[in-house]
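Trainee: May we go through this structure together? I would like to begin with the terms for how open a residue is.

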Amino acid sequence: WETVNGASCRLGRLDPATVDGAAEHACSVKCPHFGEPCEGADCFCDGARGVDTNIDLQAVCLPRERCELLCAEDVDCYSFEVDRLVPRCYFNAGEACTAPC
């Protein structure tokens with residue numbers, strides 16, 4: 001359980017494939033340990049550092065601003081978590097939220 005905007009919520013991670021515009025930015029998709037790494041200004045594969053892209057399929061390799069925009073535009077995204085050191089985030093769905101007292 002976590003308190004978000006005064007409400008008590010049980011948060012669950014969202015699969016990037018279910019968040020509009022995030023699927024192609026999943027670290028496991030664009031930054032795999034094997035194969036060709038992504039290139040260009042939209043890469044942000046340093047966000048995959050420390051992530052096992054074969055297991056952690058919910059990590060998204062984007063900077064905070066982009067994660068915030070994608071979450072704000074998706075009705076199922078309740079909140080997001082961001083790494084402080086690298087461009088990586090996770091999207092959360094709010095489940096079983098209760099109104100603040």
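This is a predicted model: local features need pLDDT of at least 70, side-chain atom pairs count only at pLDDT 80 or more; totals for chains, interfaces and linings use all residues.

Trainee: Which cysteine forms a disulfide with cysteine 45?

Mentor: That is cysteine 31, and the two sulfur atoms are 2.0 Å apart. Both cysteines lie in the loop between α1 and α2, 14 residues apart. Cysteine 31, at 8% relative accessibility, counts as buried. The torsion about the S-S bond is -90 degrees, and the link is left-handed.

Trainee: How many disulfides are there in the whole structure?

Mentor: A search finds 4 disulfides. One of them joins cysteine 27 to cysteine 61, with an S to S distance of 2.0 Å. Cysteine 27 lies in helix α1 and cysteine 61 in the loop between α1 and α2, so this pair ties together parts that are 34 residues apart in sequence. Cysteine 27 is buried, with a relative accessible area of 0%, and cysteine 61 is likewise buried at 0%.

Trainee: Why is the disulfide of cysteine 27 and cysteine 61 called right-handed?

Mentor: The torsion about its S-S bond is about 115 degrees, so the disulfide is right-handed.

Trainee: And which cysteine forms a disulfide with cysteine 67?

Mentor: Cysteine 67 is linked to cysteine 89, their sulfur atoms 2.1 Å apart.

Trainee: Which residues make up the largest nonpolar core?

Mentor: It has 12 residues, including Leu14, Val19, Cys67, Cys89 and Phe91. Helix α2 and strand β4 each supply at least two residues of this core. A second, separate core of 7 residues includes Cys27, Cys31, Ala59 and Tyr90. As a general point, nonpolar side chains tend to be buried together in soluble globular proteins.

Trainee: Where does leucine 14 lie?

Mentor: Leucine 14 lies in the loop between β2 and α1. At 11% relative accessibility, leucine 14 counts as buried. Leaving aside neighbours within four places in sequence, its contacts include Val19, Cys77, Phe91 and Ala93.

Trainee: Changing topic: how many salt bridges does the structure hold?

Mentor: It holds 4 salt bridges. Among them, glutamate 81 pairs with arginine 13, the closest N and O atoms being 3.0 Å apart. Glutamate 81 lies in strand β3 and arginine 13 in strand β2, so the pair ties together parts that are 68 residues apart in sequence. Arginine 13 also lies over the face of tyrosine 90, at 3.9 Å from the ring centre.

Trainee: What about glutamate 68 and arginine 64: where do they lie?

Mentor: Both lie in helix α2, 4 residues apart, which is about one turn of the helix.

Trainee: Is arginine 88 buried or exposed?

Mentor: Arginine 88 is buried, with a relative accessible area of 10%. Its salt-bridge partner is aspartate 83, at 2.8 Å between the closest N and O atoms. Aspartate 83 counts as partly exposed, at 27% relative accessibility.

Definitions and conventions:
Residues are numbered from 1 along each chain as its sequence is written. Side-chain values use heavy atoms; hydrogens and water are left out. A salt bridge is a side-chain nitrogen of Lys or Arg within 4 Å of a carboxyl oxygen of Asp or Glu. Buried means under 20% relative accessible area, exposed over 50%, partly exposed in between (1.4 Å probe, protein chains only). A nonpolar core is a set of buried Ala, Val, Leu, Ile, Met, Phe, Trp, Tyr and Cys residues joined through side-chain atoms within 4.5 Å. A charge sits over a ring if NZ of Lys or CZ of Arg is within 6 Å of the ring centre and within 35 degrees of the ring normal. Contact means heavy atoms within 4.5 Å. A disulfide is a pair of cysteine sulfur atoms within 2.5 Å.
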